[in-house]
Structures are given as C-alpha cells and as structure tokens.
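Please look at the sequence and the three-dimensional structure together, and keep both in view while you read the explanation that accompanies them.

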Amino acid sequence: KRIKPKTLWMGSGFSNETGTLEVKKLMGKGIFETPKPIGLIKYMLEQSTRENDVVLDFFAGSCSTAHAIYDHNVKTGNSLKYILIQLPEICEEKTEAYKAGYTTIAEIGKERIRRSAVKIKEESPGYEGDIGFKVFKLDSSNIRAWNPDRSDLEQTLLDHTEHLVEGRSEKDVLYELLLKRGVDLTVPIEQKDISGKAVFSIGYGVLFACLVESISRDEVETLAHGIIDWHQELEPASDTQVVFRDSAFADDIAKTNMAAILEQNGIAHVRSL
C-alpha cells in the first residue's frame, strides 16, 4: 500500500539515541557522537530510490548510509550502490575513537562498513548480494603535466622522458586510466602474473593494462602471448584495448613488436601512457 510520507518524521527509529546504540553494538561505546540512525536512512531509501540506483552521501560520518543500504538490499532484494565522501578529519587524542586506534573519522567509517557487512552475513547467510567496497583518496594526476622551461627546452625534454609521477603504484595509474576512459570503478578487475609482469583485466577483458616499469625485448613475445591467451579465454563482447607504460619498453623495437604481435592476434587497439 502506498502511503504519502508525513511532513514530520517521528519515532524511536529516527532518533540519534538509536543511531548511537547501533554504533555502540558494532564498535563499542563512545566511538562516534550522534550518528544517523539507519532506520531514518532506510525510510529515505524507501521513498526515493529504485532497484539499481546509486546513493551519494557527501558527509559520510560513521557511514550509516552504507549500513542502511546493505540492510535495505537484503530486505528488498534491490541492488542499490553507494558513494560516500568523508574528509580525513582528525580524531582528538582524548576521544574514545582515538584511544580505540582510529586516527580519523574516515577510518571509523571504513571499519563500520566492514563490521556491518559481517553482521549482514551472520544474520542472512544465504544473501549473495555485493557487500564489498573500495576506498579512493583524492590526489593529483599520476601523469606529469607538460610545463616547459623555455630557457632550457633540452633539459625539459630530458625531465619528461618518464611521463608518470615518481612513486605512484601500478594501481594508482590503473584507476586514473579507468576514470579517464569513463569506466565504472566497480567493474570486475582481475590480476595475473605473466612472464613475471602484473597484468590487469578490466571488465572481463574489455581492457587490459600492464603498467610495470620495465619490458625488455626478450620479454615481449612471452608477455604478448600471455595476454592473447587470457583474451581468448575471456572472449570479451566488444573490442579490447591494451595499455602499457610507454617508458617501460626497452626501445622502440620492443614497443613495435608488442603492438604487432597483439594486432596479428586480433587486438588492434594498443596504447601507451
């Protein structure tokens, strides 16, 4: 039966006391002050979402929203997803949260999501929905911006031999690649070791990425055929693109051979960063 929501939402399930008790049961006493109760958020979800919507919470706090979405999905069979945003606000040393080992509010939220997922599994062991999550931190680009020194262009060119910022991991570069290609960050990502090199398959083979720092001429053929075999195993429904770190290739011959082997075996879109 459809019921028009009331102007005032009242009841024990909407109170801060209820939210505090929910966090206390999961994480202990005094970890987070005045958390939002999941009953309030579930009521909002019931009024405003459809089966596969994405819910955005700009002020995640203790991550009551994620907890509520998990609970909502279990009870309704829906597949709501969420994006939660929280500044890494420092927990003061005198607080119970800091004493329990949480240095920031963001750390409290992440731990609550983990514990609420465990609770869902304990209470609904047959549930097969997704209760995982990924954490991203905002940072500058992994790709170095072209900013030439016009008084010394030769040195500028030498400085930009490596296009990527020093110290960034392969996964840092991989996720920027996904963002720039407009790929959903929740798509399946698999990793294999091929010829001693980490290779990622994104979206069941729609995109492959090998972002290691070094590929010699002798390694090209084995690495290429490993990617080809994996591509044939996955049988992606659309054209596949393979991306490498440009500076990884020992020389232009190694890079050209890699592209040629892949193209001869049906993978025509080979790019480098």
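Predicted model: local features only at pLDDT ≥ 70, side-chain atom pairs only at ≥ 80, totals over all residues.

Residues are numbered from 1 along each chain as its sequence is written, and side-chain values use heavy atoms, with hydrogens and water left out.

We begin with the sheet. Helices (H or I, at least four residues) and strands (E, at least two) are DSSP runs, numbered from the N terminus, and two strands pair if DSSP finds at least two bridges between them. Five strands form an open sheet with mixed pairing, in the order β3-β4-β5-β6-β7, and its edge strands, β3 (189-194) and β7 (269-272), each pair on one side only. Direction ignored, neighbouring strands of this sheet are turned by 20 degrees against each other on average.

Which way does β5 run relative to β4, parallel or antiparallel? Strand β4 (residues 197-202) and β5 run antiparallel and are joined by three bridges; I202 has L207 as its bridge partner in β5, and F200 has A209. The two strands form a hairpin with four residues between them, and G203 in the turn has a positive phi of about 65 degrees. With β6, in contrast, β5 runs parallel through four bridges, and here L207 stands opposite Q241. The strands β5 and β6 belong, together with α8, to a right-handed β-α-β unit; a crossover is right-handed if, with the strands pointing away from the viewer, the path from the first strand over the helix to the second runs clockwise.

In a regular strand the side chains alternate between the two faces of the sheet. In β5, L207 and A209 point one way and F208 and C210 the other way, and all are buried, where buried means under 20% relative accessible area, exposed over 50%, and partly exposed in between (1.4 Å probe, protein chains only).

A nonpolar core is a set of buried Ala, Val, Leu, Ile, Met, Phe, Trp, Tyr and Cys residues joined through side-chain atoms within 4.5 Å. The largest one has 21 residues, of which V199, I215, L223, I227, F244, M258 and L262 touch the most other members. Two or more residues come from each of β5 (207-210), α8 (217-234), β6 (241-244) and α9 (252-264), and the largest share, six residues, comes from α8. A second, separate core of 17 residues includes I41, L45, Y70 and I113.

Elsewhere, strand β1 (residues 54-57) and strand β2 (residues 81-84) run parallel and are joined by four bridges, with D57 opposite L84. Together with helix α3 (residues 64-76), β1 and β2 make a right-handed β-α-β unit.

Finally, two packed helices are described by the angle between their axes and the distance between the axes. Axes are lines fitted to C-alpha atoms, for helices over the stretch in contact (heavy atoms within 4.5 Å), and angles run from 0 to 180 degrees between N-to-C directions. Helix α1 (residues 16-27) and helix α5 (residues 105-123) pack at an angle of about 80 degrees, with their axes 10 Å apart. Therefore α1 is roughly perpendicular to α5, since angles under 35 degrees count as roughly parallel, over 145 as roughly antiparallel, 65 to 115 as roughly perpendicular and the rest as oblique.
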